[in-house]
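Please look at the sequence and the model before reading on.

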Amino acid sequence: MTCAKIFTFSALGLILTVPWFFTTPYQGHIFGFPFWALYSLFVSLLYSILVIFILQRYWHLLANDNGEIKP
């Protein structure tokens, strides 16, 4: 996997954490939380798992020989 694909997946995952499509004033509630809040929490959890996976598997692609991250 190239660095461009890694950054693209990371940016796409971050964009998906924002609940863009909850535009109506009332969408309902689950356990007192609005649907958009639960969606945002769930997708944020998935995004954090994606970041962990990327860092564990592809750190060597993102780092220089001395261990510093490429700009």
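Which residues make a nonpolar surface patch of about 450 Å²? The patch is formed by I15, V18, W20 and F21.

## Basis of the report

The model is predicted: local features need pLDDT of at least 70 and side-chain atom pairs count only at pLDDT 80 or more, while totals for chains, interfaces and linings use all residues. Residues are numbered from 1 along each chain as its sequence is written, and side-chain values use heavy atoms, with hydrogens and water left out.

## Overall arrangement

The protein has two helices and two strands, in the order α-β-β-α from the N terminus. Helices (H or I, at least four residues) and strands (E, at least two) are DSSP runs, numbered from the N terminus.

Of the 71 residues in the protein, 15% are buried. Buried means under 20% relative accessible area, exposed over 50%, and partly exposed in between (1.4 Å probe, protein chains only).

## The loop between α1 and β1

F21 lies in the loop between α1 (3-16) and β1 (29-30). F21 counts as exposed because its relative accessibility is 54%.

T17 is found in the loop between α1 and β1. T17 is buried, since its relative accessible area is 11%. A polar atom of the T17 side chain lies 2.5 Å from the backbone oxygen of L14. Apart from neighbours within four places in sequence, T17 is in contact (heavy atoms within 4.5 Å) with Y39, S40, V43, S44 and Y47.

## The patch criteria

Patches are made of residues with over 30% relative accessible area and no salt bridge; like charges are joined within 9 Å, and nonpolar side chains (Val, Leu, Ile, Met, Phe, Trp, Tyr) within 5 Å. A salt bridge is a side-chain nitrogen of Lys or Arg within 4 Å of a carboxyl oxygen of Asp or Glu.

Conventions. Areas by Shrake-Rupley, 256 points an atom, 1.4 Å probe, with all protein chains shown as cover. Polar contact = N/O pair within 3.5 Å; in protein donor to acceptor, adjacent residues only side chain to side chain.
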